[in-house]
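Dear colleague,

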Protein chains: 2
Amino acid sequence: MQMQPQPRVGDPVAAVPSPALVIDLDAMERNLARMAAFARDHRLRLRPHAKMHKSAHIAALQVAAGAVGVCVQKLSEAEALAAGGVADIYISNEIVDVAKLARVAALAGRIRLAIAVDSPLGIDRLALALKAAGTSLEVFVEIDVGQGRCGVAATAAGALAHQVVSHGLRFAGLQAYHGKAQHLRSADERAAAIRHAVALVRAAQASITGAGIACPLVTGAGTGSFAFEAASGVYGELQAGSYLFMDRDYADNQPAPGAPVFEHALFVKSQVVSRGASHAVVDAGHKSHAIDSGLPSTWQRELVFANGGDEHGILHPGRDALPALGDTVWLVPGHCDPTVNLHDRYVAVRGGLADGVVEGVWPVDARGCLV
Amino acid sequence: MQMQPQPRVGDPVAAVPSPALVIDLDAMERNLARMAAFARDHRLRLRPHAKMHKSAHIAALQVAAGAVGVCVQKLSEAEALAAGGVADIYISNEIVDVAKLARVAALAGRIRLAIAVDSPLGIDRLALALKAAGTSLEVFVEIDVGQGRCGVAATAAGALAHQVVSHGLRFAGLQAYHGKAQHLRSADERAAAIRHAVALVRAAQASITGAGIACPLVTGAGTGSFAFEAASGVYGELQAGSYLFMDRDYADNQPAPGAPVFEHALFVKSQVVSRGASHAVVDAGHKSHAIDSGLPSTWQRELVFANGGDEHGILHPGRDALPALGDTVWLVPGHCDPTVNLHDRYVAVRGGLADGVVEGVWPVDARGCLV
């Protein structure tokens, strides 16, 4: 593959070719500090989800600010971040494939690793792989706290924890993440969803202690709900990730009482490449920003963004008039995680989007790590 | 970045780690031959859109079957495919950025290149860039034939063509692609949309010949509409791309009279990693398959696929019972173009998805080429 010319450190923002994934470093660092302070103040472990940023460099910034490590969803994400120097990773997801579990066991020999389980078959295969490799890791039992996706019923947690321990594996506690709670718009709805999750966590803890096993830690929570998990008294570790970049969808939530305010720090730079009488067309479509959580908004211009397909966005006038041919338009993605996954690199900018300068060009190390 | 273990030529399909982007080579080759025969029989140039497959290897297969070259949407796609040996590329899209136009002009010195324009500013800047580089290319004027995106009104085509010629550039004809026509479900609706497009093409041709300029070629058409453009007598070149892989969304169209039948040839391999009483969870979410045109269908299993987020798909029973933990489930993506863009490589399989063998592992050369 041909090497494309890339943005360079010291370039003005104006010289960065569009579309580009741009971090406003000043905003990101404020978000980083606010979340780190929240976790410290609540005496909770912070283990941000790196499936969001997929960057070893950003993971290192989070750890430097007090995080114990990061979460990922995929084996290959863990391998890529470990290769980038991340030393403490939790795969907060299930793996049942024998060949993949051999890779998990090998990785456990190189870094501090944890993984989630929710089936007897998965536990048996994990135990075999670890035995064959002579390595060890920590095992969380996932319970379904309302998402309807992975995880066993709370009352079944004790039996799985018992199986984990019976294999001589280290039982680390409960994975209890409520994905569906994150984007309930009112804070009251999210509070109610997490109350329900907490009741299930308590039931699972009872099931585990009933089996004569200690439950060291409950881990979960996202950017939409972490203030409620923090207040519950049962969660010991927060997995929130999106707080660092804040996407359009999270900003649409009513804020939770007591949660820090986070700023938009992730943008897609786009340019008007065609201009009609009543619309403008920018060079960023849904190959540049994910639309699973809705379309992007236009930053500091009130325009109506319409989906123009893979490579185009169509702008209609809002409170503001249409931009001119050649103008830069900054987009706030609807959902940061899959947007980041579309890009090979971050352009990290200091001094704002209008007059800033490129301070770093960071690879999205785990981009496309699906396995 | 750490090198992940990759599928190898000769591996059985069963050994390919999921999620993976898999081509059924036998089906793809039948699609390739059918479209090539259609273009030959209609004495039309075929210039398939490579924004769909982003692969120099596949472009070469298309050219070997009779295509004159390929289209792309982005400069960096053209650069990546040219680096992979593709010698005739049409950027069927507008570029107005001066730095990018300098790259266009440089590329025009290495391969046979064409580009679309729809603004006086774009033409002026293109002409300056080509003059500075001392290179040349072919210029198509884009008209809006019903999409409401890029392109000028048909009656304005003559003025732009005149400007192109005045700069000493080679005016190649009209870009007249009707994106919105592609997924109108009934063949009659698509026929009507293309009748409308053809009327606008004729108006644009009149505007151009009225300016004393010949209009050598009309190019456009997609997999949903190409039979109508072919029958029109005004289009000389077809840009259809998706025919090669056929996604779920195109298969939902009522077939056009006279169009060849295309088969699904592109799949995402997934695996059941969690199994509840009433649902199963596979390891492929919308980081593995684009959902802009709806969710994937399950191949040869009648199951209901629900969006499980970035990394998961949730299966509910359909006519068929749920798969077991560890089972392979093949997905037919809703939209092939942005699905391909999520993957680094194709696993090309000969002999079918059940018992086939890996015949090739091909890079998605232009994956992530957004600029």
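**Aromatic pairs**

F267(A) and W330(A) are both buried. Please note that the model is a predicted one.

Over all chains, the search of the whole structure returns 14 aromatic pairs. One of them joins F226(A) to F262(A) in a tilted arrangement, with 6.2 Å from centre to centre and 50° between the planes. This pair connects distant parts of the chain: F226(A) belongs to helix α8 (residues 226-232) of chain A, while F262(A) sits in the loop between α9 (248-251) and β10 (266-275), 36 residues apart. F226(A) and F262(A) are both buried.

The two residues named at the outset, F267(A) and W330(A), also form an aromatic pair, here edge-to-face, at 6.4 Å centre to centre and with 85° between the planes. Distant parts of the chain are again linked, since F267(A) is in strand β10 of chain A and W330(A) in strand β15 (residues 328-332), 63 residues apart.

Ring pairs also build a cluster, made up of F38(A), F226(A), Y243(A) and F262(A).

**Salt bridges**

Side chains of opposite charge can pair when their charged atoms come close. Over all chains, the structure contains 52 salt bridges.

In chain B, R350(B) and D26(B) form a salt bridge through their side chains, with an N to O distance of 3.1 Å. R350(B) is in strand β16 (residues 345-350) and D26(B) in helix α1 (residues 25-41) of chain B, so this contact ties together parts that lie 324 residues apart in sequence. R350(B) is partly exposed, its relative accessible area being 25%. D26(B) is likewise partly exposed, at 24% relative accessibility.

R248(B) takes part in a salt bridge with D249(B), at 3.7 Å from N to O. R248(B) also forms a salt bridge with D252(B), at 2.7 Å from N to O. D252(B), by contrast, is partly exposed at 41% relative accessibility.

Turning to chain A, salt bridges with shared partners join R45(A), R47(A), D88(A), R112(A), E138(A), R170(A) and E237(A) into one network.

With kind regards

How values were computed:
Residues are numbered from 1 along each chain as its sequence is written. Chains are lettered from A and ligands numbered from 1 in the order in which they are written. This is a predicted model: local features need pLDDT of at least 70, side-chain atom pairs count only at pLDDT 80 or more; totals for chains, interfaces and linings use all residues. Side-chain values use heavy atoms; hydrogens and water are left out. Rings of Phe, Tyr and Trp (its six-membered ring) pair if their centres lie within 6.5 Å; planes under 30 degrees apart count as stacked, over 60 as edge-to-face and the rest as tilted. Helices (H or I, at least four residues) and strands (E, at least two) are DSSP runs, numbered from the N terminus. Buried means under 20% relative accessible area, exposed over 50%, partly exposed in between (1.4 Å probe, protein chains only). A salt bridge is a side-chain nitrogen of Lys or Arg within 4 Å of a carboxyl oxygen of Asp or Glu.
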